[in-house]
Protein chains: 6
Amino acid sequence: MPTVYATRKAHFNAAHRLHNPAKSDEWNREAFGKCNSPHFHGHNYHLEVTVAGAPSAERGYVVDLGDLKGVIQERVLEKVDHQNLNETVGFMDGVLPSTENFAMAIWDQLDGHVPGEAQLHRVRLYETERNFVDYYGE
Amino acid sequence: MPTVYATRKAHFNAAHRLHNPAKSDEWNREAFGKCNSPHFHGHNYHLEVTVAGAPSAERGYVVDLGDLKGVIQERVLEKVDHQNLNETVGFMDGVLPSTENFAMAIWDQLDGHVPGEAQLHRVRLYETERNFVDYYGE
Amino acid sequence: MPTVYATRKAHFNAAHRLHNPAKSDEWNREAFGKCNSPHFHGHNYHLEVTVAGAPSAERGYVVDLGDLKGVIQERVLEKVDHQNLNETVGFMDGVLPSTENFAMAIWDQLDGHVPGEAQLHRVRLYETERNFVDYYGE
Amino acid sequence: MPTVYATRKAHFNAAHRLHNPAKSDEWNREAFGKCNSPHFHGHNYHLEVTVAGAPSAERGYVVDLGDLKGVIQERVLEKVDHQNLNETVGFMDGVLPSTENFAMAIWDQLDGHVPGEAQLHRVRLYETERNFVDYYGE
Amino acid sequence: MPTVYATRKAHFNAAHRLHNPAKSDEWNREAFGKCNSPHFHGHNYHLEVTVAGAPSAERGYVVDLGDLKGVIQERVLEKVDHQNLNETVGFMDGVLPSTENFAMAIWDQLDGHVPGEAQLHRVRLYETERNFVDYYGE
Amino acid sequence: MPTVYATRKAHFNAAHRLHNPAKSDEWNREAFGKCNSPHFHGHNYHLEVTVAGAPSAERGYVVDLGDLKGVIQERVLEKVDHQNLNETVGFMDGVLPSTENFAMAIWDQLDGHVPGEAQLHRVRLYETERNFVDYYGE
């Protein structure tokens, strides 16, 4: 069976700050610079979710992208869009909201919830146009 | 020998509808929603073709991108640009024109026709800015 | 009062062909080339709607972009997305679906329906990444 | 003398919330929805600054874009990048941070500070890829 | 008669340096910095050509974009693509190749050569993603 | 330990020509066409540098992107931006400046210089919007 990788993009925005509460304020300022600003800053995040599998004979789909969009909406966007990653997102509680950690947390939100037979393959998360991370679940 | 992956982008537009003629109209409406619209709809497709190989000592190329562009033009674009994927494209006869199936059919059009020593590595096909698929030939 | 111009983008796809039914098939083939293909082709259209006005003192908005999005959805996207501009779009009946004519028809769909005090200023319509038209209602 | 319009783009990110402190919390929730979220959210803003004038005979420039970049850096980016528009930006004190109001405030920061003979012509501010505003100073 | 503005994009690349031969080398280094580098540097230029007019009743076009593409190809791209703006482009002889001067020279190449009834309205020229100029012929 | 791939984009421009000095002028014209133009041409190059590693427990970073930006600046951009790849870039001496060879040379500039524990994973280099190459160091 051939494997095709299908990707769906989504967009949301959120506030955050980089701050490790186990460390002193001075350590945090040194470690994170302006990203540690106590009043928060924010981003338009761009998310790409890739799933892998064999296209079905009947529909020609690896996954129904409308269904996948619904899962991304329910399990990620409704929880993070227009939210504060340090304060109001349950699945980020206790997680330092770097792009890396945020992408891994999004993976955990989606893994096991891809509709049908396809497998989650990659989460790509852009924090800005110039910076992004990829996570493959391992 | 090092391996470099060289990618060339191309663009075309086409009409299609998602419809499985082995199934009832009702099944198709249920399975594909507005993508089953009997009067067709269409897309500006964006195609990325990636080939892999060692750069030649004399020219520094994995592949002459002008030659690769010519092959993509002849074997894909001339057959699909401004066409109807359900009705007027020979290599899509009997193929349900999902993005997945279309990308695999484009792979078959190109595989074995890459100029010179390089090997076809990946076909990426965007149906819209938010949806794309990748196929690696296996 | 200052004037600010606020723009909202939207996306849809549709099939069409360029064909003037008052003319012969030969004239149409000559006039429109592959855009006259009888089986249709299609595009991912990108629409930008710009409205002009003074930001309100209470909300700071020229227009509530959520409301504007709703009007664009109801008066344009629901009528054209995944449709055939030659066959299934009421407001395009009898209109040759060039990008120019389509943009003017979209203007007519929106003019007088912008929420609140703002005025419709411009409709910009991309047929492909390389081609777009602007219409200012005059 | 011919007039040429030269544009420089810049990028920054910031947190904000839409909240009118002269109104009740209930009014604000009704007026602004999720944009009123009390823990803030944020954006990657994209700013385009356009100046107009005649290219100089000696250098061929309407404005030295390096100098203009420096003015944008000093008068806008250093004050807003990684900041909170409601709390930590002096020139936004008492201003409801809608995209419209923010663009007009950026105009006021830049007007009269364009290097050389050129005149400030337009401030364009993208809050997201789908929403932007233009302000021409009148 | 309504006026519609139709835009066609084109792309080319060229080498150049900013250097005013009427001035000393020291003046040029001071005036242009690294853009004065004697071995040249280069850009992928992006050109947008906008024409204005009434859509024709028969074809619905302000201008046949294929014809306009041909004029841009013949009068601009064939003369500048893969060329050196200081040394090998006839219509740039004696012109300091700033983006402003280059855009005005491209205007002069196109003005009076737009196919049919449409009028040249604007030349927009991107030197980089962050810098562009507009010229309206006056 | 999970592996995350973090990517930083950078931009620069340079002049070059494709010319193999071990071959005749005629061979070069035949092999490279207009890319062999003796007066050079140029590009806005877009560079993506991807590093791989485990996010640190304390900072949540695979790599401090500010540090990585500094390394890219020092070891690549300061040597190539506004330069001539055939004449003024030390690490390109004797290297035919195809995109493939240039990407491999950039890899060699960066390999072993990634800050901290992360490993260089991929260099992606766009010569134009339509052409890019990837190199993984093997």
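**Helix 3 of chain F and its surroundings**

User: Against which elements do the buried residues of helix 3 of chain F pack?

Analyst: The model is a predicted one, and in it the buried residues of helix 3 of chain F include F102(F), M104(F), I106(F) and W107(F). Their partners come from two chains: chain B supplies strand 1 (4–16), while chain F itself supplies strand 1 (4–16), strand 2 (41–53), helix 2 (65–80), strand 4 (119–128) and strand 5 (131–135).

User: Why is helix 3 of chain F described as largely enclosed by the rest of the structure?

Analyst: A residue counts as buried when its relative accessible area is under 20%. Helix 3 of chain F covers residues 99–110, which makes twelve residues. The helix is largely enclosed because the number of its residues that are buried is eleven of the twelve.

User: How many residues line the second largest pocket, and which lie nearest its centre?

Analyst: The second largest pocket holds about 620 Å³ of space, and its lining divides into eight nonpolar, ten polar and ten charged residues. The lining has 28 residues, and those nearest the centre are R122(A), Y136(A), R122(B), Y136(B) and Y136(F).

User: What kind of rotation axis relates chain D and chain E?

Analyst: Chain D can be laid on chain E with an RMSD of 0.0 Å by a turn of 120 degrees, with a shift of 0.0 Å along the axis. The two copies are therefore related as by a three-fold rotation axis.

Terms used: Residues are numbered from 1 along each chain as its sequence is written. Chains are lettered from A and ligands numbered from 1 in the order in which they are written. This is a predicted model: local features need pLDDT of at least 70, side-chain atom pairs count only at pLDDT 80 or more; totals for chains, interfaces and linings use all residues. Side-chain values use heavy atoms; hydrogens and water are left out. Helices (H or I, at least four residues) and strands (E, at least two) are DSSP runs, numbered from the N terminus. The expected span of a helix is 1.5 Å times one less than its number of residues. Buried means under 20% relative accessible area, exposed over 50%, partly exposed in between (1.4 Å probe, protein chains only). Contact means heavy atoms within 4.5 Å. On a 1 Å grid over the protein atoms alone, a cavity is a set of points where a 1.4 Å probe fits but cannot get out, and a pocket is an open set with protein on both sides within 12 Å along at least five of seven lines; lining residues have an atom within 4 Å of a point. Grid points are joined across faces, edges and corners, and a volume is the space filled by probe spheres set on the points. Ala, Val, Leu, Ile, Met, Phe, Trp, Tyr, Cys and Pro count as nonpolar, Asp, Glu, Lys and Arg as charged, and the others, Gly among them, as polar. Copies are superposed by least squares on the C-alpha atoms of residues with pLDDT of at least 70 in both.
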